[in-house]
Amino acid sequence: MKYFLHNTWKHRAHVLMCIPVILILFFFNYVPMAGLSLAFKRFDYNKGIWGSPFVKFENFKFLMASGKTFTRMTLNTLKYYFIFLILGTSLNIALAIAIDQFVFKRLGKAMQSIMIIPVFISYAAVQFIVYAFLSNNGMVNNVIQFFGGEPIRWYINPKYWTAILTIVKMWNGVGYGSVLFMSVLAGIDQELYEAAKIDGANKRQQIMHITLPSLVPMTTIIILLSVGGIMRSDTGLFYQVTRNSGILYPTTQVIDSYVLNSMLTTSSYGFSAAATFYQSVVGLILILLANYTVRKIEPDNALF
Amino acid sequence: MEYAAVGNKENVFRARKKKKISVGQYILAFILGLYTLFCLLPILLVFVTAFSDDKSIASNGYSYFPEKWSLEGFRYVFKYGRQLFTSYGVTIFITVVGTIFGLLIMSMFAFALSRRDFMFRKFLSVYILIPMLFSGGQLANYLVFTSSYKLKDSLLLLIIPLSVSTMNIIILRTYIQTSIPEELMDSARIDGAGEYRTFFQIVMPLMKPVLASVGFMMATAYWNDWQNALLYIDTASKNPLQLLLIRIQKNIEFLLNNKNISGAALAAIQKGIPEYSATMATVLTVIGPIMIAYPFFQKYFIKGLTVGSIKG
């Protein structure tokens, strides 16, 4: 202990350098964690979070009472989480391998640059682009009509939106996501490939036995990091791209967009408070579980 | 020496030329090309629509080959004149201040974390890891920031929450550990430079590539942040661009769907607003600066991600 204090004193300059980040994280991340206690309180704006009266589990009764809404939100959240995780990660890897294997390096680089661009466009702007494609006189309907089909009214048909949001999300994130994997691919020892070639392995075998296994640690970390956010969503996608349209809620409403809506429209937060509490706790439990499992199997790939 | 290098290059060149390019590569090129188009076409549509004549869109729908080109959309956007100007100012302000502030405090933190004999750093590593795994969620944030800190309608809320991120700290720390030689810092210390001088005069200048890449990511996050603005900002003079974009959409939607306006008046309004081209022109003014900045930062950006992703 004495040694520790001594060491800290010796590094006082470093401690000082850390203080701004420590303070910001404390006030903007840690204090709101305590704000989760709101789930057990009835919020009173005059008394603030800390002074509001405790109501025990009353807020959770709202969740149960709402029955369908709540299950629908949860299921939608999980549905998109799994689609985006599985499809997104596979596409990231596929794209990374494709660019890595591509012999026209210059062209590959140029294409990659273009593929990354969408991630830098905010969803507030993306929604206009989606609208240009899907509105009644949008690009997609123009193409359908060109081939003699009936135009589809996308914005009032919830059944199409799982696919639409998935496409938008992939358009937005796959190019960017592949960069991480490319960096791992660049680090693979080329001699491994040479050796495999000498042993008579073809391209497919090389990918199966050298490339893919080397991507496992990165993939594990990405999955682990994402598990904590299993109940969270990319709010912009669900709030902006759907234009927050009530007709589409059956397939597009997720917990986060519900909470955002309630913050912008209502002043009673009971339901949302309970929902966000549930979001955070489920996330925490899952990430601890996942990390524990990974550590059992392959300690090197665990997060902590 | 020089000759050898040239010769070597030539060999590589010849080897590449000799190597037969298989059919698979052409198929790959085709697929990658298709995907590139898939990424590019939506963005292209923004450009084309912004410069299209509104009536041709209204009658024929969106198209990559409009009947008539026009600058009407931009004229309408500049009618917002003042507000657009103010919003540009606000967005540039929060982007610049936030990025510089965030980079500064995060690099200092990363620098301290990279000192191996600093015992406090174990605690600090856990301290920054927890917010990545667990959070109070947006509602708790919102209520704490507005009702406890009384920061509603303050630009601070657009700057501070985005200024620190665990991932960025890890990227910066990894870069310091792997790319800046320990001996360099030690020799600076032996020459009598204090920790602050070592950091600001030796380490910071060497961090340029990683600062560029993290900085660009942060700047786009600030530039694109609409959610905090939508939640916290009320005053028009503090509206950033993204919020203006949302408001324009709401306004147009309101005007076009308002049942209280008589048919004739509605028609007149609709005629007055170049609905399609104006919205896209606005989108273009909002995303334009990022599109322009991107090519300059791209090289650093990919490199930075690469370095940071090595598990440290």
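This is a short tour of a two-chain complex, to follow in your viewer one selection at a time.

**Before you start**

Keep in mind that you are looking at a predicted model. For the complex, the predictor gives an ipTM of 0.88 and a pTM of 0.89.

**Stop 1: chain B as a whole**

You will find 16 helices and zero strands. Chain B has 312 residues, and 38% of them count as buried. Next, think about which parts of the chain meet. Among the contacts in chain B with a separation of 6 or more, 74% link residues 24 or more positions apart.

**Stop 2: colour by confidence**

Colour chain B by pLDDT. The average is 84, and 85% of the residues score at least 70. Which helix of chain B has the lowest mean pLDDT? Select residues 2-18: this is helix H1 of chain B, with a mean of 47. For the other end of the scale, select residues 156-159, helix H8 of chain B, where the mean is 96. Now pick residues 1-7 of chain B. Here the pLDDT is below 50, and the stretch has zero contacts in the model beyond near neighbours in sequence. Where pLDDT is low, the predicted coordinates should not be read in detail.

**Stop 3: one side of a helix**

Move on to residues 72-79 of chain B, which form helix H4. Gly73(B), Tyr76(B) and Val77(B) are buried there. Why do these three fall on the same side of H4(B)? Look down the axis: they cover an arc of only 100 degrees around it, so they share a side.

**Stop 4: where the chains meet**

Show both chains. The contact takes 74 residues from chain A and 74 residues from chain B. On the chain A side, select residues 12-34, helix H2 of chain A, which supplies the largest share with 15 residues. Colour the chain A side by residue class, and you will see 49 nonpolar, 24 polar and one charged residues.

**Stop 5: the nonpolar cores**

The largest nonpolar core has 138 residues. Those with the most contacts inside this core are Ala125(A), Ile129(A), Met106(B), Phe109(B), Leu172(B) and Val283(B). Select residues 161-186 of chain A to see helix H9, which gives the most to this core, with twelve residues.

Then zoom in on Phe109(B). Leaving out residues up to four places away in sequence, Phe109(B) touches Met17(A), Cys18(A), Val21(A) and Ile169(B).

Technical notes
Residues are numbered from 1 along each chain as its sequence is written. Chains are lettered from A and ligands numbered from 1 in the order in which they are written. This is a predicted model: local features need pLDDT of at least 70, side-chain atom pairs count only at pLDDT 80 or more; totals for chains, interfaces and linings use all residues. A nonpolar core is a set of buried Ala, Val, Leu, Ile, Met, Phe, Trp, Tyr and Cys residues joined through C-beta atoms within 7 Å. A residue is buried if 20 or more other C-beta atoms lie within 10 Å of its own, exposed if 12 or fewer, and partly exposed in between; C-beta atoms are placed from the backbone. Helices (H or I, at least four residues) and strands (E, at least two) are DSSP runs, numbered from the N terminus. Two residues are in contact if their C-beta atoms, placed from the backbone, lie within 7 Å. pLDDT is the predictor's confidence in each residue, from 0 to 100. Ala, Val, Leu, Ile, Met, Phe, Trp, Tyr, Cys and Pro count as nonpolar, Asp, Glu, Lys and Arg as charged, and the others, Gly among them, as polar. The arc is that of the directions from the helix axis to the C-beta atoms.
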